[in-house]
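Please have the sequence and the structure open while reading them.

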Amino acid sequence: SADGHAAMSVKLMSQDGVEYEVAKDVISMSVTVKNMLEDVTEMAAIPMPNIRSDILQKVIDYAKWHHDHANDPEEAKQKWDQDFVKVEQGTLFEMILAANYLDIKPMLDLTCKTVADMIKGKSPEEIRKMFNIPNDFTPEEEEQVRKENEWCEDR
């Protein structure tokens with residue numbers, strides 16, 4: 001029935017007003033959405049006030065692929081995940097924020113690990129350059145931080 005179909009899917013509204021219809025069992029990967037759906041029976045589109053449509057589309061792609069390929073071998077999932085995070089840095093950070101807001105742990109782990117891999121083995125200067133972070137430490141403060149963190153350096 002038309003009613004039955006409507007109950008099986010949910011609408012999400014991006015920050016910029018684009019509406020997506022997603023199967024409930026797919027988007028239930030998001031703990032945030034899952035909890036919202038438990039609180040209400042009838043709902044228009046769920047607003048995603050801080051997620052742009054291009055990022056929301058990526059989230060839905062992620063949830064859908066992992067839902068449809070749940071029984072695939074781990075290597076296949078890893079391969080897909082690696083391709084999924086081959087995006088511009090700004091997009092990657094937006095994906096982290098979206099995965100965090102929507103509480104999609106596997107996507108959050110994947111995107112955060114991607115950033116961690118990007119900075120692994122790099123000096124603070126290289127990392128600042130990579131992410132356009134200004135250095136607001138005085139040389140003295142920087143030396144102090146370096147001394148305090150010597151224990152965690154791989155030497």
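1. Asp-109 is partly exposed at 39% relative accessibility, on a scale where buried means under 20% relative accessible area, exposed over 50%, and partly exposed in between (1.4 Å probe, protein chains only). The side chain of Asp-109 meets that of Lys-105 in a salt bridge of 2.9 Å, N to O, the term standing for a side-chain nitrogen of Lys or Arg within 4 Å of a carboxyl oxygen of Asp or Glu. Both residues lie in helix α7 (residues 105-119), four residues apart, about one turn of the helix; helices (H or I, at least four residues) and strands (E, at least two) are DSSP runs, numbered from the N terminus.

2. On conventions, this is a predicted model, in which local features need pLDDT of at least 70 and side-chain atom pairs count only at pLDDT 80 or more, whereas totals for chains, interfaces and linings use all residues. Residues are numbered from 1 along each chain as its sequence is written, and side-chain values use heavy atoms, with hydrogens and water left out.

3. Helix α7 holds another such pair, Asp-117 and Lys-113, again four residues apart, about one turn of the helix, with a salt bridge of 2.8 Å, N to O. Asp-117 is partly exposed, its relative accessible area being 42%. As background, an α-helix has 3.6 residues a turn, so residues three or four places apart point the same way.

4. The count of salt bridges comes to 14, and one of them joins Glu-94 to Arg-52 at 3.3 Å, N to O. Because Glu-94 belongs to helix α6 (residues 89-102) and Arg-52 to the loop between β3 (46-47) and α4 (53-68), this pair ties together parts that are 42 residues apart in sequence. Glu-94 is partly exposed at 25% relative accessibility, and Arg-52 is partly exposed at 29%. Elsewhere, Glu-125, Arg-128, Glu-142 and Arg-146 are linked in a network of salt bridges.

5. Residues up to four places away in sequence aside, Met-107 touches Val-59, Tyr-62, Phe-84, Met-95 and Ala-99, contact meaning heavy atoms within 4.5 Å.

6. Ile-96 is found in helix α6 and counts as buried at 15% relative accessibility. Leaving aside neighbours within four places in sequence, Ile-96 is in contact with Leu-108, Thr-111, Cys-112 and Val-115.

7. Which residues of helix α5 (residues 74-84) are buried? They are Lys-77, Asp-81 and Phe-84, and they cover an arc of only 55 degrees around the axis (taken from the directions from the helix axis to the C-beta atoms), which puts them on the same side of α5. These buried residues pack against α4, α6 and α7, while the face turned away from the buried side carries the exposed residues Glu-75 and Gln-82.
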